[in-house]
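Good morning, and thank you for coming.

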Amino acid sequence: MKAEHHVLITGGAGYVGSFLAGELLRQGYSVTVVDDLLYGGESLMSCLPHASFHFVKSDVWESRAIRTAVRGDWPTPQAVIHLAALAGFPACQSVGRLVAWRYNVEATQHVFEQAEALGVERFIYLSSYSNYGLSTDGKPVTEETPLDPQSLYAETKVASEQYLLSQVGVSRCAPLIFRPATLYGLSPRPRFDLIVNQFVLEAFSRRKLMIYQRGYLRSFVHIADAVHGIILGLRLPLEKVRGQVYNIGAPEGNLTKDQLVELILKRLPETFVYYKDITFGGDMRDITVSFNKIQHELGFTAKYSVDDGIREVLRALQDGLIREPGDPRYRNARFIVQ
Ligand SMILES: NC(=O)c1ccc[n+]([C@@H]2O[C@H](COP(=O)([O-])OP(=O)(O)OC[C@H]3O[C@@H](n4cnc5c(N)ncnc54)[C@H](O)[C@@H]3O)[C@@H](O)[C@H]2O)c1
């Protein structure tokens with residue numbers, strides 16, 4: 001096995017990681033996953049038969065977790081893709097600042113330090129477009145727009161980004177940061193606390209949708225497209241991506257909540273929609289996102305639309321593929337915010 005074919009994914013049992021791990025194995029990579037299995041590990045079952053798959057259960061905040069996870073008879077990974085985090089505003093809010101910081105900021109530092117010490121050349125970090133917060137002038141936000149995090153989750157993502165960018169020119173390991181839009185679609189670890197998936201589930205199972213912040217603009221991207229973007233970041237020449245930040249998504253994914261509801265009503269017209277004028281004071285996002293940089297520099301295009309995602313989730317529910325979609329394991333916190 002060659003080093004350039006070995007990738008280590010932290011948080012690889014999660015929604016993004018389990019999809020990515022399967023895709024990398026399919027494309028001929030060897031994959032090590034390090035995950036503490038906060039939401040279980042069934043998502044990795046189909047990876048287990050691959051001889052080129054290696055799993056280690058470990059908390060990546062621990063100072064030697066990555067070093068001990070690299071198998072002695074396997075080469076140093078070409079890249080570390082750091083996904084392990086308490087993902088989402090409700091999950092961070094429910095554990096509080098100290099714990100959220102430990103999982104989302106300190107762990108990033110510890111994983112990066114070990115990647116550097118191991119001689120890993122590339123470190124891909126999944127940040128979030130929630131870092132932009134609210135737009136003041138209504139123009140699409142670009143990677144250059146000053147960040148204005150509105151939630152504890154976004155604060156932890158910004159802090160991790162700042163740490164990683166401070167390593168450019170100091171460390172040999174090259175950080176590359178992606179800020180994906182909100183993901184939708186299914187993966188081996190389905191999540192129903194992501195707005196598109198959650199709306200489809202509620203409209204399907206309760207025939208009701210409660211909407212707040214109805215005119216707010218959000219941005220969405222299909223999980224398969226996001227994974228495709230991450231893999232582009234793995235393949236591009238190192239010097240092209242060192243210290244770069246890319247939004248992942250497509251202009252068509254910029255939608256108001258009302259537009260999203262319209263798409264859902266096209267497929268589930270019997271849904272009763274009602275509106276509430278409340279905010280949760282934490283995850284305010286009202287922006288249009290520019291995806292010019294990833295399109296022009298990395299040649300990224302999205303294959304899936306939000307409507308494709310709605311159809312996919314609805315089909316899985318109608319066909320009973322997910323027996324208990326309301327089960328807490330499909331959510332990162334009980335406190336769910338749409
Ligand atoms: N889902 C989205 O819409 C979205 C959008 C933008 C960015 N992201 C980011 O992408 C990454 C992955 O998100 P996801 O949706 O797959 O989340 P997820 O919650 O489904 O998966 C996270 C995984 O990380 C693991 N984990 C968490 N802390 C750990 C630790 N200390 N040690 C070991 N394992 C740990 C969990 O067990 C879980 O398997 C996160 O960093 C998230 O912030 C997600």
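I shall take the helix contacts in turn and then turn to some individual residues.

Please keep in mind throughout that this is a predicted model.

Helix α6 covers residues 195-205, and helix α11 covers residues 306-318. Their axes approach within 9 Å, and the crossing angle is roughly 45 degrees. An angle of that kind falls between the 35 degrees under which a pair counts as roughly parallel and the 65 degrees at which roughly perpendicular begins, and that makes α6 oblique to α11. The crossing of α6 over α11 is right-handed. On the α6 side, the contact uses Val-196, Asn-197, Val-200, Leu-201 and Phe-204; on the α11 side, it uses Val-306, Gly-309, Ile-310, Val-313, Leu-314 and Leu-317. By class, this contact of α6 with α11 comprises 9 nonpolar and 2 polar residues, with no charged ones.

The spacing of such positions deserves a word. An α-helix has 3.6 residues a turn, so residues three or four places apart point the same way.

Staying with α6, which of its residues are buried? They are Val-196, Asn-197, Gln-198, Phe-199, Val-200, Leu-201 and Ala-203. These buried residues of α6 pack against the strands β7 (182-184), β8 (208-212) and β9 (217-222), and also against the helices α9 and α11.

That brings us to the pair α9 and α11. Helix α9 consists of residues 257-267, and its axis comes within 10 Å of the axis of α11, with a crossing angle of roughly 45 degrees. The two helices α9 and α11 are therefore oblique to each other, and their crossing is right-handed. Helix α9 contributes Leu-260, Leu-263, Ile-264 and Arg-267 to the contact, while α11 contributes Val-306, Asp-307, Ile-310, Arg-311 and Leu-314. Sorted by class, the residues of this contact of α9 with α11 are 6 nonpolar and 3 charged, with no polar ones.

The next pair is α1 and α7. Helix α1 runs over residues 15-26; its axis and that of α7 come within 10 Å and cross at roughly 60 degrees. Here again the helices α1 and α7 are therefore oblique to each other, and α1 passes α7 in a right-handed crossing. Val-16, Phe-19, Leu-20 and Glu-23 of α1 meet Ile-223, Ala-226, Val-227, Ile-230 and Ile-231 of α7. The contact of α1 with α7 has 8 nonpolar residues, 1 charged residue and no polar residues.

The buried residues of α7 are Ile-223, Ala-224, Asp-225, Ala-226, Val-227, Gly-229, Ile-230 and Gly-233.

I now turn to the backbone. Most residues other than glycine have a negative phi. Arg-207 is not a glycine, yet its phi is positive, near 60 degrees. Arg-207 sits in the loop between α6 and β8. The residue counts as exposed, because Arg-207 has 11 C-beta neighbours inside 10 Å, and 12 or fewer is the limit for exposed. Leu-37 likewise has a positive phi of about 60 degrees without being a glycine. Its place is in the loop between β2 (30-35) and β3 (53-57). Leu-37 is partly exposed, with 14 other C-beta atoms within 10 Å.

Two further residues complete the picture. Thr-301 lies in the loop between α10 (292-298) and α11. Thr-301 is exposed, since 12 other C-beta atoms lie within 10 Å. Thr-301 and Ala-250 are 51 residues apart in sequence, and their C-alpha atoms are 7.1 Å apart in space. Gln-318 belongs to helix α11 and is exposed, with 9 other C-beta atoms within 10 Å. From Gln-318 to Leu-209 the separation is 109 residues in sequence and 18 Å in space, C-alpha to C-alpha.

Thank you; I welcome your questions.

Conventions
Residues are numbered from 1 along each chain as its sequence is written. This is a predicted model: local features need pLDDT of at least 70, side-chain atom pairs count only at pLDDT 80 or more; totals for chains, interfaces and linings use all residues. Axes are lines fitted to C-alpha atoms, for helices over the stretch in contact, and angles run from 0 to 180 degrees between N-to-C directions. Helices (H or I, at least four residues) and strands (E, at least two) are DSSP runs, numbered from the N terminus. Angles under 35 degrees count as roughly parallel, over 145 as roughly antiparallel, 65 to 115 as roughly perpendicular and the rest as oblique. A crossing is left-handed if the near helix is turned anticlockwise from the far one by less than a right angle, and right-handed if clockwise. Two residues are in contact if their C-beta atoms, placed from the backbone, lie within 7 Å. Ala, Val, Leu, Ile, Met, Phe, Trp, Tyr, Cys and Pro count as nonpolar, Asp, Glu, Lys and Arg as charged, and the others, Gly among them, as polar. A residue is buried if 20 or more other C-beta atoms lie within 10 Å of its own, exposed if 12 or fewer, and partly exposed in between; C-beta atoms are placed from the backbone.
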